[in-house]
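User: Could you take me through this model? I would like the overall layout and then the details of the backbone and the helix packing.

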Amino acid sequence: MPAQLDPGAVLVQISATTICGSDLHTHAGRRAEPAPSVLGHEAVGRVVATGPGRGAWLHRRITWASTDSCGACAACREWDLPQKCASVFKYGHALVSESQGLTGSYATHLVLRRGTHLVEIPPEIPDVVAASANCSLATMVHAVEQRPTSCRVALVIGAGLLGLHGCALLRASGVPRVLVAESDLRRRARIADFGGVAVDPADLHPQSIDVVVDATGDPVAIGASLGLLRPGGMCTLVGSVHAQAPLPVTGEVLVRGCVTMRGVHNYAARHLDAAVAFLRGSSLPWPSIVGPPLPLDRIDEAFALAATRQWARVAVRTSS
Ligand SMILES: [Zn+2]
Ligand SMILES: [Zn+2]
């Protein structure tokens, strides 16, 4: 534990954390991270100590932006992309030698730096539901923020947590029909609970979709979805976070279809605020898709359970 916190830093006692797909990739050796490090970035906890300037946060139950940014560079000030800050710091992806040592959420405590946006969690949102607000949900808030004018039918590709968050957000934002493509039967069974309609994209008509939101990164599925967009439609990519085959798309498809393609990675402070506000007002069965929490000393078991994909998230309870 640091003897003294840096100005603007807060020490959080983590109450629950969830295992993100990105950590499964790292754990399995498919993704390289600096070592030694503490993994884990989706979490909720209580502020137990504060550095100068953050005293008002003491004892509050919070989540936080998964990236820390400087607030001064072009990405922060001019591009509306603090997550692409020139000196960005990512929780759960840093060396333990950085940021007073406690940099990941698979731990009892974490130190949040001065440039990290904090959000109080309303008491009615359970820990295991709040934990993934700062990754999957806030990213999807960013993803669905832009839609074509007149958006009646959306297609979400993938019904993992990202896809379910996207589906629920699109419905809540007034899109009357949200179709969700998912081949895994257990995942497919959850779609209706979150306001979506499970579909096989092969059954859909060309030019029947206003917006596609991809949560899988599957180049074949993305390529096929472009043929479903109506003129002026939009394709937003969220899941393409690993090196993959090139997308099978020609410039002509985009030009003649007046199609907009967008890439969305992480989010800004307002998206996290909106994510927490969304959960507060949501009556959807979010707890039903999180596995029963395991204690931190059984984290290997939790990773094995997460890898089965039985649950949208597996939770780890880090303190009593
Ligand atoms: Zn995550
Ligand atoms: Zn910056």
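The conversation below goes from the overall layout to backbone details and helix packing.

User: What should I know before reading the numbers?
Analyst: This is a predicted model, in which local features need pLDDT of at least 70 and side-chain atom pairs count only at pLDDT 80 or more, while totals for chains, interfaces and linings use all residues. Residues are numbered from 1 along each chain as its sequence is written, and chains are lettered from A and ligands numbered from 1 in the order in which they are written.

User: How many helices and strands are there in the protein?
Analyst: The protein has 10 helices and 15 strands. These are DSSP runs numbered from the N terminus, with helices being H or I of at least four residues and strands being E of at least two.

User: And the overall dimensions?
Analyst: The C-alpha trace spans about 60 × 40 × 40 Å along its principal axes. The radius of gyration is 20 Å, which agrees with the value near 20 Å for a compact globule of 320 residues. That radius is taken over C-alpha atoms, and the globule rule is 2.2 Å times the number of residues to the power 0.38.

User: Which domains does the assignment give?
Analyst: Domain 1 comprises 10–134 + 285–317, and domain 2 comprises 146–263. Such bounds come from an automatic or database domain assignment. The C-alpha centres of the two domains are 27 Å apart. Seven residues from domain 1 and seven residues from domain 2 make up the contact, where contact means C-beta atoms, placed from the backbone, within 7 Å.

User: Changing topic: where is the cis peptide bond?
Analyst: The bond from A35 to P36 is cis, with omega near 0°. P36 belongs to the loop between α1 (21–27) and β2 (42–50).

User: What is the phi of H59?
Analyst: Phi of H59 is near 75°, a positive value in a residue other than glycine. H59 is in the loop between β2 and β3 (61–64). Most residues other than glycine have a negative phi, and most peptide bonds are trans.

User: Now the helices. How do α4 and α9 pack?
Analyst: Helix α4 (residues 136–145) and helix α9 (residues 269–281) pack at an angle of about 110°, with their axes 8 Å apart. Axes are lines fitted to C-alpha atoms, for helices over the stretch in contact, and angles run from 0 to 180 degrees between N-to-C directions. The two helices are therefore roughly perpendicular; under 35 degrees counts as roughly parallel, over 145 as roughly antiparallel, 65 to 115 as roughly perpendicular and the rest as oblique.

User: Which residues meet there?
Analyst: L137, A138, V141 and H142 in α4 meet H271, L272, A274 and A275 in α9.

User: And α4 with α5?
Analyst: α4 and helix α5 (residues 161–172) pack at about 50°, with axes 9 Å apart. That angle makes α4 oblique to α5. On the α4 side, the residues in contact include S136, L137 and M140, and on the α5 side they include L161, L162 and H165.

Notes: Two residues are in contact if their C-beta atoms, placed from the backbone, lie within 7 Å.
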